Amino acid sequence: MNIYDFTVKDNKGNDVSLSEYKGKVLLVVNTATGCGFTPQYEGLQNMYAKYNEQGFEILDFPCNQFAMQAPGDDAKIDSFCTLRYNTTFPRFKKIKVNGSDADPLYDYLKEATNGKRIKWNFTKFLVDRDGNVVGRFAPSDKPEDIEASVEKLL
């Protein structure tokens, strides 16, 4: 099993098979619009602009589980990120990342790394071109801090 076996919902509610990202390096991030780490959107967008043409994608999954820091519906979240941080990477439907109603993708990502719960917003998972989870980064790890790991996979 790898990441390509999952289907998720985009921010308009449409099914998206992650197999559409085969052959790309992925950074999967649970985000929030009202968090102390929210400014990381700028670094994420910079990295996306720099490496997207080399086969790099960021998959943004808003999550309201941590101190209710992603309020609003999917359209409001998308508007905030687009207008405030000029993000252009794919954004998906708001999900839960922990607990019995966690999205199956996040259950897989946690199990593929250390099995531990997601501690906070902006936890990042790095996936290689073959769909294998090869890294997990803490919310405090800025996009700039993990850029070298992304470059190695490209």
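Strand β3 (residues 25-31) and strand β4 pair in the parallel sense over 7 bridges, where two strands count as paired if DSSP finds at least two bridges between them. The model is a predicted one, in which local features need pLDDT of at least 70 and side-chain atom pairs count only at pLDDT 80 or more, while totals for chains, interfaces and linings use all residues. Residues are numbered from 1 along each chain as its sequence is written, and side-chain values use heavy atoms, with hydrogens and water left out. Helices (H or I, at least four residues) and strands (E, at least two) are DSSP runs, numbered from the N terminus.

Within this pairing, Leu59 of β4 is the bridge partner of Val28. Together with helix α1 (residues 40-51), β3 and β4 make a right-handed β-α-β unit, a crossover being right-handed if, with the strands pointing away from the viewer, the path from the first strand over the helix to the second runs clockwise. Strand β4 (residues 56-62) is largely enclosed by the rest of the structure, because 7 of its 7 residues are buried; buried means under 20% relative accessible area, exposed over 50% and partly exposed in between, with a 1.4 Å probe and protein chains only. Phe56, Ile58, Asp60 and Pro62 point one way from β4, whereas Glu57, Leu59 and Phe61 point the other way.

The largest nonpolar core has 24 residues, and those with the most contacts inside it are Ile3, Val28, Phe61, Leu105, Tyr106 and Leu109. Such a core is a set of buried Ala, Val, Leu, Ile, Met, Phe, Trp, Tyr and Cys residues joined through side-chain atoms within 4.5 Å. The elements that give two or more residues to this core are β3, β4, α3 (104-112) and β5 (124-127), and α3 gives the most, with 4 residues. Not counting residues up to four places away in sequence, Leu109 touches Ile3, Val28, Phe125 and Val133, contact meaning heavy atoms within 4.5 Å. Apart from this core lies another, of 22 residues, among them Tyr48, Ile58, Phe137 and Ile146.

The count of aromatic pairs comes to 11. Rings of Phe, Tyr and Trp (its six-membered ring) pair if their centres lie within 6.5 Å, and planes under 30 degrees apart count as stacked, over 60 as edge-to-face and the rest as tilted. Two of these pairs are tabulated here.

| Pair | Centre to centre | Angle of planes | Class |
|---|---|---|---|
| Phe6 and Tyr108 | 5.2 Å | 40° | tilted |
| Phe66 and Trp120 | 5.5 Å | 40° | tilted |

Phe6 lies in the segment before β1 (7-9) and Tyr108 in helix α3, so the pair ties together parts that are 102 residues apart in sequence; both residues are buried. Phe66, in the loop between β4 and α2, and Trp120, in the loop between α3 and β5, are 54 residues apart. Phe66 is buried, with a relative accessible area of 8%, whereas Trp120, at 29% relative accessibility, counts as partly exposed.

With a disulfide taken as a pair of cysteine sulfur atoms within 2.5 Å, the count comes to 0 disulfides. The sulfur of Cys63 is 11 Å from the closest cysteine sulfur, in Cys35, and is therefore too far for a bond. Cys81 is likewise in no disulfide, the nearest cysteine sulfur, that of Cys35, being 12 Å away. Cys63 is buried, with a relative accessible area of 0%, and Cys81 is buried, with a relative accessible area of 0%.
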